[in-house]
Amino acid sequence: MFFDVTYTDPASIPRLLAHAITLAAPDGGPGTPALTNPVPVGCLPLAVLQPPLMGRGWTAFGGCCTFAAYHRDQVQPINGVLKVGQQFAIDFEQVGPNGSCCDGPHEVVESWWGYNTPVLAAAPGVVVEAVDGMPDQQPVGTIKDVDLANAGGNRVIVDIGGGRYVAYGHLRPGSIPARVREGARLRAGELIGRVGNSGNSSAPHLHLQVMDSPSIVDATGLPFVFASQLLEGRVPEGVEPDFDKGAVVAIDRTDAGLRRDLMPSRHQVFGFNLSR
């Protein structure tokens, strides 16, 4: 079970959190309450990032926090411990000006509006991992040669300080600049690759997540905010499978406008770095 608990007063946030669980007896009799083991509540300062993409129509598929769904419910056993590295991850896919995925056949990777778009460093930091050379998958085809270790495809992981790391996944093969290697120091806004379809990816997109260790899976995912972004609207729930097969989606542009210091929410559509 997943719970999003909101405290309006930071002073009210508990140091420890436990759940009281009561199981009802089959005969309808009263159950016996039991407490889960208390766990510490982490209060790391939120990472404030710059959007890593440019242009309009970037949709936060698989994002937080309306209900538990991919990536939100990805709980994986890693070395004997349950990990939720992707719980705040977002897949950014670009919706075209006519609400479509593609400017051509959707089975062709180059047809996708977002494909080959520059990916920019969202914060300054030091590269701890840079993986290149994995081929793009065919969109809406069979994902080949992927296991847990390389599910992120061509990727860059950056230590941004404060015990936080940013991962950029599924980059286009050959798009990571030569200088973006382990130990390199990056500036915010610096080119680190281009949107691709490598690894565990059925359509070109940027997988972005913040976590507490330099691994996409062996980590705890952390929330973050973008300093500035233009909210363009929202696409309906449940459209992603049809969109990936070439269907046109409608964007509800209610409440569009500039947003500061907020995390993109599931299925919202954004314009990023429009002045660049």
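This tour moves through a predicted model, from a surface patch to a disulfide, a serine in a loop and a set of salt bridges.

Begin at the surface by selecting Met1, Phe3, Val5, Tyr7, Ile13, Leu17, Val39 and Val41, which form a nonpolar patch with about 780 Å² of accessible area together. Within that selection, centre the view on Leu17, which is found in strand β1 (residues 16-17) and is partly exposed, its relative accessible area being 38%.

Select Cys101 and Cys102 next, and show their sulfur atoms, which lie 2.4 Å apart in a disulfide; the count of disulfides in the model comes to one. The torsion about the S-S bond of Cys101 and Cys102 is about -100°, so this disulfide is left-handed. Cys101 counts as buried, at 2% relative accessibility, and Cys102 also counts as buried, at 10% relative accessibility.

Now go to Ser213, in the loop between β16 (206-211) and β17 (221-222). Ser213 is buried because its relative accessible area, 16%, falls under the 20% cut-off. If you display its surroundings while leaving out residues up to four places away in sequence, Ser213 touches Tyr165, Asp218 and Ala219.

The remaining stops concern charged residues. Side chains of opposite charge can pair when their charged atoms come close. The count of salt bridges in this model comes to six.

Select Arg56 and Glu232, a salt bridge whose closest N and O atoms are 2.9 Å apart. This pair links distant parts of the chain, with Arg56 in strand β6 (residues 55-61) and Glu232 in strand β18 (residues 224-234), 176 residues apart. Glu232 counts as buried, at 7% relative accessibility.

Move on to Glu129 and Arg155, which form a salt bridge with closest N and O atoms 3.3 Å apart. Glu129 is in strand β11 (residues 125-131) and Arg155 in strand β12 (residues 154-161), 26 residues apart. Glu129 counts as partly exposed, at 25% relative accessibility, whereas Arg155 counts as buried, at 9%.

Then select Glu237 and Arg266, whose side chains meet in a salt bridge at 2.6 Å, N to O. Glu237 lies in the loop between β18 and α1 (240-244) and Arg266 in the loop between β19 (257-262) and β20 (268-272), so the pair ties together parts that are 29 residues apart in sequence. Glu237 is partly exposed, with a relative accessible area of 41%, while Arg266 counts as buried, at 8% relative accessibility.

Finish with Arg179, Arg187 and Glu190, which are linked in a network of salt bridges.

Technical notes: Residues are numbered from 1 along each chain as its sequence is written. This is a predicted model: local features need pLDDT of at least 70, side-chain atom pairs count only at pLDDT 80 or more; totals for chains, interfaces and linings use all residues. Side-chain values use heavy atoms; hydrogens and water are left out. Patches are made of residues with over 30% relative accessible area and no salt bridge: like charges are joined within 9 Å, nonpolar side chains (Val, Leu, Ile, Met, Phe, Trp, Tyr) within 5 Å. Accessible areas come from the Shrake-Rupley method with a 1.4 Å probe; for residues, only the protein chains shown count as cover. A salt bridge is a side-chain nitrogen of Lys or Arg within 4 Å of a carboxyl oxygen of Asp or Glu. Helices (H or I, at least four residues) and strands (E, at least two) are DSSP runs, numbered from the N terminus. Buried means under 20% relative accessible area, exposed over 50%, partly exposed in between (1.4 Å probe, protein chains only). Contact means heavy atoms within 4.5 Å. A disulfide is a pair of cysteine sulfur atoms within 2.5 Å.
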